[in-house]
Amino acid sequence: MQTPPAETALFPAATRPASWQLLYGLAALVILLIVGLDQYLGVQVNERFAQSLVDDREWALRLGSLSDLRRAAGDANSPANEIFASGEVDVERERLKIASQSFNESLAQSRQLFGTHPVQAERELMLHGLESAEQAARRMLVQTDQTLSRYAAQNLDAAARSMAEADRSYGHIQDSIRSVGQAARNIQKSQLDTMAATVEHYRRLELFSMVLVTAVTLGMLLYGFRIRLQMERAAAEKARHTLELQAAKDAADTASQAKSQFLANMSHEIRTPMNGVLGMTELLLGTALNDQQRRFADSAHRSGQALLGVINDVLDFSKIESGKFEVESLPFNPCEVAYDVAELLAVQAHAKGLEVICQMGQDLPIRAYGDAARLRQVLMNLLGNAIKFTERGHVMISVNKLPASSAAHNHAALVEFSVSDSGPGISPADQARVFEAFTQGDGTRTRRHGGTGLGLAISSQLVAMMGGKLLLESPPGEGSRFWFALPMRLLPEAPMLTDREASALHGLQVLVVDDNNTNLDILRHQLTAWGLRVDTATSGQQALELVQHRPVVHDLAILDVHMPGMNGLALSERIRANAKLDELKIIMLSSAGLDIPSVGLARLGLSRWLSKPVRKLELRRALIDLLADAMPVAPLPSLESQQPAARSSARILLAEDHPVNQEVAAQMLRMAGYEVHVVADGEAALEAARGGQFDLVLMDCLMPGTDGFEATARLREHESNNGVDPAKRLPIVALTANAMKGDVEACLAAGMDDYVPKPFTQEQLIQAIERRLRRASSADQNVPG
C-alpha cells in the first residue's frame, strides 16, 4: 500500500513514525516526572503548612503554660501579703499549700511541653530558665512560710522582713518566666522564618515545573497533528477487528448453545431408561429377598444412582462454566455417604487386591445439612482415581469433625473428608496442573489408565461451591491424599448405642486379627469407644498365642479372611479345634463381598460373616445380635405366659400406607395377641395417637402427605406442650426399609424410640415391641405418682 503524498510529506522516511512515537513517549514520560515532582512539592508545602500549625499549637501551649506558672507563682506569694490583712494563719497556710501544689503541677507541665522541643541547645536554654524560676519559687515558699510563722508568733517586724524577701523572690520568678517566654518567642520566630524560606523555595520549584510542563505540552501539540492520520488508520483497523471479534463471539455462543442443547437432549434420552432401571430395582428391593440378594439389588440400585450422577457430570460442568450451577442444603448423613461410596467401589478395589478402609471419627456419624449428591460425586471421583492408580496396598476414605472453632456456632462445624492411597504418588510438576480440565498425570499415548481428565476439575469446582477447597498432598513414591473441609450445620444426633446395649457391651473381651495396621487401629478405636476391651494381632499365629496361652478369656474374635500365612478360615479351624474355646464367638471379615449361608457358617464354626469395609451400624448390630443369641431367652409362647398382662392389654397403632404391608404387620401382631388399629398415613396416625388410647405406635417412615418423621416430631411437640413426662411418653417404633442409609439416625433424631428394618420377621417385630413396652412399664414404676 502506497503512502499518500500528504503523508509522504509528513513522513519522509519509513522509520520516522516509529521515532516520533518514541519521542512522544519520552515527552509523556518527562511530563509524568514533572507532574510527579510538582505533586511531591505540593505535598511538601502542605506538610510544612501542617507542621506550622502543629508548631503554633505547641508554642501556644508552651506560652500558655508560662502564664499558668506565673499565676501559680502569684497565688503562692499572696499568703505572705494577705496575712497582715486577714490575720488567719491557718487559712493562709492552707492557701499556701494549695498554691504550692498548683505551682509544682504547672512547672511540671511546662517542663514537659518545653522538653519536647527538638533542638537541644534551645531546649536547654528554656529549661534552664524554668530551673531558675523553680529555685526562686522554693526560696519564696520558705520565706512565705517564715512570714506566716513569725506573724503567728506576733513578731511583726520579722514577719514584714520575710514578706519583703518573699516579694523579691517572687520578682525573680517573674523575671525567669519572662526570660523563658522571650526565648520561646525568638525560637518560634526563627522556626517560622526557616519554614517560610523553605516554602518559598518549593514555590519557585513548582513555578519552574509548571513552565516546563507547559513547554513540553506545547511541543507535544506540535507533534500531534503529524500522527493524526496514523491514529485515524488505527481507529479504522480497530473497528474492523472489533467486528470480526464480535462475529467470532456470536459463532462461539451459537456453538456453545448447540452443545448445551445437545447435552441436554442426550441427558434426557439417557436418563429416561435409567429412571426405569432405578424404578424397577427399587421395586425389587421391596420384595422378599435374602441378605445376599438384597445387597446385590441394593448395590445395583446405588450403582444406577451413581451412573445417573456421572451422566449428570457433563451437564454439571456446562452449568458450572455458565454460572448456573446451584448446590442444595438438605439433611443427610456424611458417614453413610462415605460408606456408600466405599461399598460401591469395593468390588473394583478387591479385584485388584486392594484393601478398602473406611475411617470415621469417634464423634461421628452425624447428620448435617449439605448436598449429599454432590458430596457423593466428589468422593466417587477421588476414590475411583485412587483405586485406578494404585496397584497394591490400600485405599482409605476418612470423615472427621474438626475441632470446634469460631465456625462452631448454631450447631455449625467443619467436617473434613479425605481419600488417600498407597500408590506411586504424583510428581510436583503434575500436582500443579492436576486440577485443570482435560488433564491427567500421565498424558502420553502409552498411558495405562484412560479417562478424560475432567473429574478432578469438576470435583474441585464442586467443593469450592460447597464452601471448601480441594487440596492435594503427594510425596513422590509415598501415595496421595486428597482432602477438603466443608462447613456444615449439624442436627442433634441420638447416641448410636442405647443404654441397655452400651451396658451389655461394656467390658467384653474382644480379639481383633488383621494384617493391615490401619484396619486394626480403626476397629480398636471403635470397639474401645463402645466400652469393649480389645486385644489385637497382626497374624494368625500371634492370635493363637493370645487365645491359648494368656489368662484373658475372650468373648469374641473378629478375624480377617485374607491374611498371609494363616488366613482367617484356617485360624478359625485352629480355634475350634481347641475345646476350651468353644464359647468364643467368631465374626469373619471378608473383602470378597460374598454371603455365607447360616448352614455354612455353622459348619465353619462362625457366628457372623461381614463384608469389608464394615459400617459402624453393621458391626454394632452384629455385636448386639450375638449378645442376644448368647442370653438365655425363653421361647415366644412362654414369654406370653410370663407377661400375659402386658401382652393382652397392649394396644398397638400401626401407621402403614402400603396395603400388603398393612396386612402382614397386622396379622403378625394379632397372632401375637395384640390389639391392632391400622391407619394409612401420618396425619391419621397423629390424630389417633393424640387420643391416648394406645400403648405403642409402629410408624412407617415414608408415607404420602405427612410421613413418619413429621408425624413423630409433631406428636413429640404435642406431648411437650401438654407437659407429658419424657419418661412416660408414647413409645414409637419406626418401620424403615433402609436402615443402612442413615434412616436409623433420622428416626432417632425425629423422636422415635426404636426401629425395625424391613423386611422384618415376626420375632424381630415382637422383640422390638416387648423391649419398648418393658422399658415404658419400668419407667412408670420408677416415677413417683
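Which side chain meets D753 in a salt bridge at 2.8 Å, N to O? Select D753 and R716, whose side chains form that salt bridge (a side-chain nitrogen of Lys or Arg within 4 Å of a carboxyl oxygen of Asp or Glu). This is a predicted model in which local features need pLDDT of at least 70 and side-chain atom pairs count only at pLDDT 80 or more, while totals for chains, interfaces and linings use all residues. Residues are numbered from 1 along each chain as its sequence is written, and side-chain values use heavy atoms, with hydrogens and water left out.

Stay with D753, which is buried at a relative accessible area of 15%, as R716 is at 11% (buried means under 20% relative accessible area, exposed over 50%, partly exposed in between, with a 1.4 Å probe and protein chains only).

Next, select E336 and R615, a salt bridge with its closest N and O atoms 2.6 Å apart; both residues are buried.

Finally, turn to the rings of F84 and Y151, which form an edge-to-face pair because their centres are 5.6 Å apart and their planes stand at 80° (rings of Phe, Tyr and Trp, the last by its six-membered ring, pair if their centres lie within 6.5 Å; planes under 30 degrees apart count as stacked, over 60 as edge-to-face and the rest as tilted).
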